[in-house]
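Please look over the sequence and the model before reading on.

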Amino acid sequence: MSKLTVFDHPLIQHKLTIIRDKNVGTKEFREIVDEIASLMAYEVTRDLPVEDVVVETPVAKTTQKTLAGKKLAIVPILRAGLGMVDGIMKLIPAARIGHIGMYRDEESLEPVEYFVKLPEDIDQREVLVVDPMLATGGSAVMAIDALKKRGATKIKLITLVSAPIGVETVQKAHPDVDVYTAGLDEGLNEHGYIVPGLGDAGDRLFGTH
């Protein structure tokens with residue numbers, strides 16, 4: 001079974017509490033989502049492989065650690081996932097970016113895929129799938145399906161807030177995909193929204209309704 005990591009770092013919890021507030025405006029919401037994504041990426045990439053290199057400081061030659069050429073890709077689930085990309089790119093500027101477009105059918109609440117554009121060598125990269133909300137888990141499962149269909153084998157899912165049912169759905173469908181979230185919430189309401197959640201992340205990021 002895949003691993004679930006719920007971040008309890010005080011900075012992440014503090015910033016998540018701020019954006020849960022319905023009175024926080026678009027600009028501040030977007031900036032804080034960016035900050036949380038950076039903080040989460042720091043931990044999500046903890047297991048990246050390193051290798052020894054020799055560098056010469058102003059004082060002496062020394063053997064130190066550097067990343068071992070691991071290729072990464074960041075794949076936001078459109079559109080809300082876009083809000084998390086820049087925060088991660090600040091730490092990993094060499095990562096490639098793919099996009100998977102989904103929308104939720106308002107009647108069935110099921111996800112519908114409408115766009116997939118990925119780096120050509122996605123099969124050689126560790127993929128970080130990002131989406132602020134993990135509600136029913138349908139969109140995340142479909143996005144991971146799309147990645148695996150195109151050869152991706154090492155995938156992690158990074159979310160801001162998750163419902164237990166969403167985590168279970170992803171773990172059942174993709175037991176090899178670890179899930180990282182800043183908040184594991186109570187559940188879903190009758191409209192499929194996470195409770196207490198933070199509302200519609202896409203609308204709050206982009207100022208739409």
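## The pair α1 and α2

In α1, the residues L11, I12, K15, L16, I18 and I19 meet E28, F29, I32, V33, E35, I36, L39 and M40 of α2, where contact means heavy atoms within 4.5 Å. By class, this contact of α1 with α2 comprises eleven nonpolar, no polar and three charged residues; Ala, Val, Leu, Ile, Met, Phe, Trp, Tyr, Cys and Pro count as nonpolar, Asp, Glu, Lys and Arg as charged, and the others, Gly among them, as polar. Helices (H or I, at least four residues) and strands (E, at least two) are DSSP runs that are numbered from the N terminus.

Helix α1 covers residues 10-20 and helix α2 residues 26-44, and the two pack at an angle of about 155 degrees with their axes 10 Å apart. That makes α1 roughly antiparallel to α2, since angles over 145 degrees count as roughly antiparallel, under 35 as roughly parallel, 65 to 115 as roughly perpendicular and the rest as oblique. The axes are lines fitted to C-alpha atoms, for helices over the stretch in contact, and the angles run from 0 to 180 degrees between N-to-C directions. The crossing of α1 and α2 is left-handed, a term used if the near helix is turned anticlockwise from the far one by less than a right angle, with right-handed used if clockwise.

## How the model is read

This is a predicted model, in which local features need pLDDT of at least 70 and side-chain atom pairs count only at pLDDT 80 or more, while totals for chains, interfaces and linings use all residues. Residues are numbered from 1 along each chain as its sequence is written, and side-chain values use heavy atoms, with hydrogens and water left out.

## The pair α4 and α5

The axes of α4 and helix α5 (residues 164-173) come within 8 Å and cross at roughly 25 degrees. That makes α4 roughly parallel to α5, and their crossing is right-handed.

On the α4 side, A140, V141 and I144 meet T169, V170 and A173 in α5. This contact of α4 with α5 has five nonpolar residues, one polar and no charged ones.

## The largest pocket

The largest pocket has a volume of about 670 Å³ and is lined by 28 residues, of which R104, D131, M133, S139 and D200 lie nearest its centre. A pocket is an open set of points on a 1 Å grid over the protein atoms alone, where a 1.4 Å probe fits, with protein on both sides within 12 Å along at least five of seven lines, and lining residues have an atom within 4 Å of a point. Grid points are joined across faces, edges and corners, and a volume is the space filled by probe spheres set on the points.

The lining of the largest pocket divides into 15 nonpolar, seven polar and six charged residues. Among the elements that each supply at least two of its residues are β4 (72-78), α4 (138-149) and α6 (201-206).

## Two cis peptide bonds

The peptide bond from L78 to R79 is cis, with omega near 5 degrees, and R79 lies in the loop between β4 and α3 (85-89). The bond from V195 to P196 is also cis, with omega near -5 degrees.
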